[in-house]
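Please keep the sequence and the model at hand while reading.

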Amino acid sequence: MSGHMNLTLKVWRQKSPQDKGGFVTYKADGISEDMSFLEMLDVVNEGLIKKGDDPIHFDHDCREGICGMCSLYINGRPHGPKRAVTTCQLHMRSFKDGETITIEPWRAAAFPVIKDLSTNRAAFERIQQAGGYVSVNTGGVPDANEIPIPKVIADEAFNSATCIQCGACVAACKNSSAMLFVSAKVSQLALLPQGQQERYRRVQAMVAQMDAEGFGNCTNTGACEAECPKEISLTNIARMNREYFTAKFFKEEEIH
Amino acid sequence: MGNFSKTFSSSLGKKLIMSLTGLFICLFLVVHLIGNLQLFKDDSGQAFNSYAYFMTHFTPIKVISYINYAIILGHAIYALILTISNRKARPIGYAVYNGSANSPWNSRNMGILGTIILIFLIIHMKDFLWEYHNNTSLPYARYEASLADPQNVKVTPLAVTDKEYSHVDYVDPQSQTHITVAKDLYKLVRDSFKIWWYVALYVVSMVAIGFHLIHGFRSAFQTVGWDHKKLVPIIRFLGVWIFGIIIPAAFAAIPLYFFFCK
Amino acid sequence: MKLDAKIPEGPLAEKWSKHKFNLKLVNPANKRKYTVLVVGTGLAGASAAASLAELGYNVKTFCFQDSPRRAHSIAAQGGINAAKNYRNDGDSVYRLFYDTIKGGDYRSREGNVYRLAEVSVNIIDQCVAQGVPFAREYGGLLDNRSFGGAQVSRTFYARGQTGQQLLLGAYSALNRQIHEGKVKSYNRHEMLDVVVVDGKAQGIVTRDLITGEIETHAGHAVLLCTGGYGNVFYLSTNAMGCNVTAAWKAHKRGAYFANPCFTQIHPTCIPVTGDHQSKLTLMSESLRNDGRVWAPKTQEIAEKLRRGEIKSSEIKEEDRDYFLERKYPAFGNLVPRDVASRNAKEAVDNGLGVGSSGKAVFLDFADAIARLGEDTVRAKYGNLFDMYYQITDENPYKQPMRIYPAVHYTMGGLWVDYNLQTTVSGLYCLGEANFSDHGANRLGASALMQGLADGYFVIPYTVGDYLATIGPKAIDESHPAFAETKQAVIGRINKLLSLKGTRTVDDYHRELGHIMWEYCGMARTEEGLTKAKGLIRELREDFWKNAIVPGTNNEFNQSLEKAGRVADFLELGELMVDDALQRKESCGGHFRLESQTEEGEALRDDENFAYVAAWEYKADGAPEELHKEELVYENVKLTQRSYK
């Protein structure tokens, strides 16, 4: 039912954050079209281990496109050639027999390489710790239906909330800007009534942390939106800008 | 740091500066084009030369001009600052980069387009503005027309000799004649645009402005946060058609008009 | 040791309130003198850590992923149950309690399950207050849908990504506490042992997965929120990193393991395509609200389908067997998971399977598309249909989905009492990692409910009681138990790294999975299980001789991580088989072929098996000792489960 193909892989290998790193070429033979991209790498790794070599390290976990752990910059694009798909959901039928595939880690000063294709995305953690929450304690909250929310607002907030924090937006952006990620987080809570109390403090705190992490600046190319596996919209960025300037010029809340 | 300096030193603040300066320059382009349309008038440059004199000697306009230069310079300097910080954000680049798969070429090369435009601006200002102010060998022109028949203008080029001319514009009550003596910038324009490579430089630069604005105009609104669903299509239309195509095309038409029709 | 579940006395509905009153409290000023270690940051772990930090305790969290938000709770699709009765369709706390006890085939504790149903309503309130964007109706109020095994609509959902949204809510609460300095989070850290001092858990040993550093962390209590062990089957809907290691190490330090053989096989997963497959993908149970499950009526037609000679659309209506609707008219396609799975397996075993492998049945949306229109179906299930299309390259709007059961959830886990404390003092277990609430089969949309109930609303009360008892004295990290446990961990790592044989760890894992699926999967027999026990032992011995573990400890070494986890699965597998062997009845997901009704349904033996099987670890290689906690039913009558 499915064809088999032989591929050449050019993979970035780097032993540690300090190591200089470089490309190593591998052959991946007898690859089934039904394999996912990561399963193809599994096959290559099995071969490496049997030879006593260190397998190619890459981050992955759920393999169903939701945990956001997998990354990989494949042939010049984050998560490979297909739109709205994570690397773990990318199948080998998207490639041709005999093709050479170049695999690189996310490249950004804020995402240093840990090993091979695996990067440290803790910067995203710190941005959310700066303010990506509603300050409510467990218990003592009103009944869920006491906060009615128009469906269109709830849906819009949901769209922003589907971000999986994979970092493809940063990887795709020629400036390594994290605006799509940060704006999706800001948007979700800026839209919902629950987020209103901390709305203007939040956006300032998260943008300040984003800047401190050393991400680049947005030039609105739209690459992030095009490469986002969850199709997070650029509208979020405009919304965050609006929130930020409103906070800075017209509100008194400050970061605490 | 005060609130404002903090705001403008943030990444979003710097982008706001880019956006607002960019939009101001767009506005300037419109005004500049309307003024330059006088070059198409078949009056041997009388209107254009008077306009040039007015623009360079009326104090409020001069103030605005200097603000405009500052804004253009600011736009360029902030572009440089942002570009340097963007470079720092990715110290190691990709070996294979397929940007065309996810974004238009011009949006990724605003810096290159901007640099072309800046170089053009330097040449443009040197060749016309600087020359106009400082080149003592620029000729003058004298325009005479009877008030009874204002359409019939008599033009006398005043070649540069030892004699100093100065700008005059008055009606002689005796002869009932409108007399204008003006520095002949028009001639400089006409002569310049007879050189093919100079015309080419202008046309290419206008194409660069077009591409720069197709992305820049829309992008400026995105940066200030203006993305209302109902407004975005209008902004996109203005960005592409007015600022990306019609205005640069009209500017480019000037050198082409002189090259081919004059 | 006699197992004491510590279920409070008194009427069912008052047990929890009374118990909460009886639990000791920690003085607010003393709370900051305690440290609680939370291992795992899924729904249970993140919610517990945030809630405890809010109370004032110092919390350390640990997860092997690079962010707490990546825990596998993120992948839960369908929804979360709560007895809100927003639909006015007859739901109540008691009904949710009853459905859950019945759905679990009467192998869970009344007291625990009632408490779960009781706090379910608070969970929804809590999540909404955090900004979780649940699905809403045009009036702005929350929407609900129905889920398998229930006849009321009590499931709250956020499209097909409910787990994601709930976890992001708990994660945001956790982030807030990290910002406040009350929680310190250790990401990319794996717990490799528990430090037990004088019978009390007082710390853990972890490995920093990036540097390989072996660290000890001291705490007044340890909370294991480390999820299920479904990956013992190699192929499952679990994430690749899901493992039993934390729970297994705790087990070896004295925590009993309860009902390990109770595993849930989810009926609607995308079928296996080949040996290369690394995991299976679930298609939410919510699909069964509109999709109809069927197989061809005759082997002849099925054979033609498998060979690709005919298409599913060419099969006439009368040649299709909608077997769930036919056998269970009352519940139809919405029967509980164990029942749906078993029937799919039966169809395949009878030669009626479809797809090239023959190991699949259809889940057909043609009727729903005709009735509701493609757009409505897309709005409801769009992301699931897209995912199916990505994986199979088949368009489910045009042809029926092919589905087959896959390992999804483990009801078994560390034994805990009503306070969620294991048999080791100060060692607690929450969420899927414990055994407590789902009996022999978990109902859809109940896992999220349990994880959050444990973390937000149970542990903050019960752990306080223990902490108040032991007092706020600082834990002495210089106690020799810390150094000894650390040495034991280093010893095992060195042993693993010394393996330079010929066979990869994945290969062992794959074979273990085959054994477990074949003999301890959807249908189990005395003979098969006995055989499996021998096979697992052989495989384990071979592993410690011939496996290859490349690299060193002092680096990011994914091979070493995997080897440690698979080594633990190789031990757990045998215990699961032992447990399945001793439970000679069928119940819920545990189906012994020897014990079935005439119609082929699971036949319980309440007289002999109405107990929790809790296993005590003795020594390496020695048989474990079985302890029984009798299940007492004061409120529900045990009946043969019927969904007809």
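Predicted model: local features only at pLDDT ≥ 70, side-chain atom pairs only at ≥ 80, totals over all residues.

How much area is buried between domain 1 of chain C and domain 2 of chain C, and what percentage of that area do carbon and sulfur atoms give?

Between domain 1 of chain C and domain 2 of chain C the buried area is about 830 Å², with 59% of it coming from carbon and sulfur atoms. On the domain 1 side 11 residues take part in the contact, and they meet nine residues of domain 2 of chain C.

Zero salt bridges are found across this interface of domain 1 and domain 2 of chain C, while the count of residue pairs in polar contact, with both residues at pLDDT 80 or more, is two. Two elements of chain C, α10 (337-349) and β15 (401-410), each give two or more residues to the side of domain 1 that touches domain 2, and the largest share, five residues, comes from α10(C). By class, that side of domain 1 of chain C consists of six nonpolar residues, one polar residue and four charged residues.

## The two domains of chain B

In chain B, the domain assignment gives a domain 1 made of 3-136 and 188-261, together with a domain 2 that spans 140-183. The C-alpha centres of domain 1 and domain 2 of chain B lie 35 Å apart, and 10 residues of domain 1 are in contact with eight residues of domain 2.

The area buried between these two domains of chain B is about 810 Å², and carbon and sulfur atoms give 52% of it. The count of salt bridges between domain 1 and domain 2 of chain B is zero, whereas four residue pairs are in polar contact across the interface, both residues being at pLDDT 80 or more. On the side of domain 1 of chain B that touches domain 2, α3 (46-57) and α6 (110-134) each supply at least two residues, and α3(B) gives the most, with four residues. That side of domain 1 of chain B has two nonpolar, seven polar and one charged residues.

## Contacts between chains

Two pairs of chains touch, and the most contacts among them are between chains A and C; chain B and chain C, by contrast, do not touch, their nearest C-alpha atoms being 20 Å apart. In the pairing of chains A and C, 74 residues of chain A are in contact with 79 residues of chain C, and the buried area is about 6,400 Å², of which 51% is given by carbon and sulfur atoms. Within chain A, the residues that lose the most area to chain C are E64(A), T138(A) and F158(A), which together account for 11% of what that side buries.

Seven salt bridges are counted between chain A and chain C; one of them joins R188(C) to D59(A), with the closest N and O atoms 2.8 Å apart. The polar contacts between chain A and chain C number 48 residue pairs, both residues at pLDDT 80 or more. Among the elements that give two or more residues to the side of chain A that touches chain C are α1 (37-50), α2 (122-129) and α3 (151-161) of chain A, and α3(A) gives the most, with seven residues. By class, this side of chain A has 31 nonpolar, 22 polar and 21 charged residues.

Terms used
Residues numbered from 1 in each chain as written. Chains lettered and ligands numbered in written order. Heavy atoms only, no water. Domains from an automatic or database assignment. Contact = heavy atoms within 4.5 Å. Buried area = accessible area lost by both parts, 1.4 Å probe. Salt bridge = Lys/Arg side-chain N within 4 Å of Asp/Glu carboxyl O. Polar contact = N/O pair within 3.5 Å; in protein donor to acceptor, adjacent residues only side chain to side chain. Nonpolar A, V, L, I, M, F, W, Y, C, P; charged D, E, K, R; others polar.
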